[in-house]
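Hi! Here's the structure I promised to pass on. Have a look first, and then read my notes below.

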Amino acid sequence: MLKAPSFERGVYELTHNNKTVSLKTINAVQQMSLYPELIASVLYQATGSNEIIEPVYFYIGIVFGLQGIYVTALFVTSWLMSGTWLAGMLTVAWFIINRVDTTRIEYSIPLRENWALPYFACQIAALTGYLKSNLNTYGERFCYLLMSASTYTFMMMWEYSHYLLFLQAISLFLLDSFSLEQSDKVHEVYKIYIFSLFLGYLLQFENSALLVSPLLSLVVALILAKCLQLNVKKGTCIAKIMKVINFYLVCTLTVTLNIIMKMFVPHKENGHMLKFLEVKFGLNMTKNFTMNWLLCQESLQAPSQDFFLRLTQSSLLPFYILVLIICFLSMMQVIFRRIKISRSILLLSTCKISGKSLKETITLEDGRIGGRPEIIYHVIHTILLGSLAMVIEGLKYLWTPYVCMLAAFGVCSPELWVTLFKWLRLRTVHPVLLALILSMAVPTIIGLSLWKEFFPRLMTELMELQEFYDPDTVELMTWIKRQAPVAAVFAGSPQLMGVIKLCTGWMVTSLPLYNDDDLLKRNENIYQIYSKRSAEDIYKILTSYKANYLIVEDAICNEVGTMRGCRVKDLLDIANGHVVCEEGDKLTYSKYGRFCHEIKINYSPYVNYFTRVYWNRSYFVYKVNTVISFQS
């Protein structure tokens, strides 16, 4: 974008990119979600930063600045929920101490989630304020505008954002179903979802994934169900039946609408995700290389014991569980109480009562934290996110910040302590007085203990100066820049091809992208260089993509995996039927040796197809011959 003569020309070159992947023109903005980079390029030039700072440091500064906004939003949310800034401070402290499990900013700065999640945190903060019962008109209007802007921005920054908003919509639906908040407020949020989805669809090059997303189907179903209820006269038998079957009606409409949308809207995006989930949860079996390779990725496994141990050592997990249990039980208590009141009113034949009239002003002395809608929304949402994080470790980065926020709110909230003391029927000391004391003392003690244990470690880490050290890869990139023709096309593992494209600019045959069926197929075909295939088969695959050079990685060829059957070569053998590892099945072998081993020996027929031109300890580079001598 910075090298382009104009913004329009830069966008055009990215959306019609034919200099990255051989024999393929890709819309890089759409496929790689490069909207943040477009905005960053405009800011860089508009602020005159090109005379002050290098582009890479400007880019890093923006991403790190967004992380500051992320933590600030968590601070504000916890403060809004508890009513004290101590909760915000404790949230930030836990977030930083557990940063290995709260963010991936230290490992990979340009991740889409690092751009998107700060806006989602702002949206949650605005939603928290919006759901509060005692909010004035101006505050409600501000929260609504902030929520609208952050929801749309979040959707533009991350291609999977609508799935996260789907979970949020489910939480709001349950909140509305239990009569824990005015339906009008919740349905205003639904309108924000629809507006963001359709505006995102238009600005994301008519992204059909948004039209067939479960979020759109759920929101439309909720609005239709609401219309059906409004058209029925209140107090009648039909109105009572509609109230009972509302949950079933919404679920049925959601599934039906989603099926209809998928029938009429052409879509290919994220289809592999559904197949992955089917295999992940045991609903299907497959020998497909791509699916099995994804299943073997560490981030897609269940969380390890180390994860829970780290959260426990920082005292985060125990307090989170305590707060969650108290809030959940209080919520159930409030729900059953309101159902009982509603039933009593119906028995007295006074059905003409709105959900709003069942509400009451809850004071600190009442000790019913489960009656606050913003708290219950967070409890439902954190349970949904936690359930997913228990299955897929990569989702812990969505859940753990929530854990920090909810745990900090709980220990700093006098209302939560009063709720607990009311259950315990404490009589020796006044519950409210003791709750006020504990809401100040407990977070102070936690903060001091965290300071004593973790502050020296943080200071030590800040003083460490780390340096990138991978001489073999550096040597390979240097050789490509100096020796390879400018028009050359390289083939190899998708991860290495991404590095080559970034470091040298040379064209490659594949990229580490998993939202395009053609690229997924290319990745699987190129990976065949580590399978038991003949030299002729590999040569045909490479020439079909116009590859001039092949790079074999010793780390993949001689991989020693920790998980059984998860090495790349094992997955390829299973997919190709060259070896069957399951018990009870007959073992079969290919008549060819493993290509990546055989090609290093330099004998016919491999030397007829490929010529080694460079090698070091980690990489072997072979030129794909254009003239073949078929000698045995």
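"Buried" means under 20% relative accessible area, with exposed over 50% and partly exposed in between (1.4 Å probe, protein chains only). Tyr70 is buried, and Phe95 is too.

Before going on: this is a predicted model, where local features need pLDDT of at least 70 and side-chain atom pairs count only at pLDDT 80 or more, while totals for chains, interfaces and linings use all residues. Residues are numbered from 1 along each chain as its sequence is written, and side-chain values use heavy atoms, leaving out hydrogens and water.

Now the rings. Rings of Phe, Tyr and Trp (its six-membered ring) pair if their centres lie within 6.5 Å; planes under 30 degrees apart are stacked, over 60 edge-to-face, and the rest tilted. The whole structure has 28 aromatic pairs. One of them joins Tyr70 and Phe95, edge-to-face, at 5.5 Å centre to centre with 75° between the planes. Tyr70 lies in helix α4 and Phe95 in helix α5 (residues 85–97), so this pair ties together parts 25 residues apart in sequence. Helices here are DSSP runs (H or I, at least four residues), numbered from the N terminus.

Elsewhere, ring pairs link Tyr539, Phe595, Tyr603, Tyr606, Tyr609 and Phe610 into a cluster.

Charges turn up over rings as well (NZ of Lys or CZ of Arg within 6 Å of the ring centre and within 35 degrees of the ring normal). Lys185 lies over the face of Tyr130, 5.5 Å from the ring centre. Likewise, the charged end of Arg612 sits over the ring of Trp615, 4.3 Å from its centre.

Cheers!

How values were computed: Helix = DSSP H or I, 4+ residues; strand = E, 2+ residues; numbered from the N terminus.
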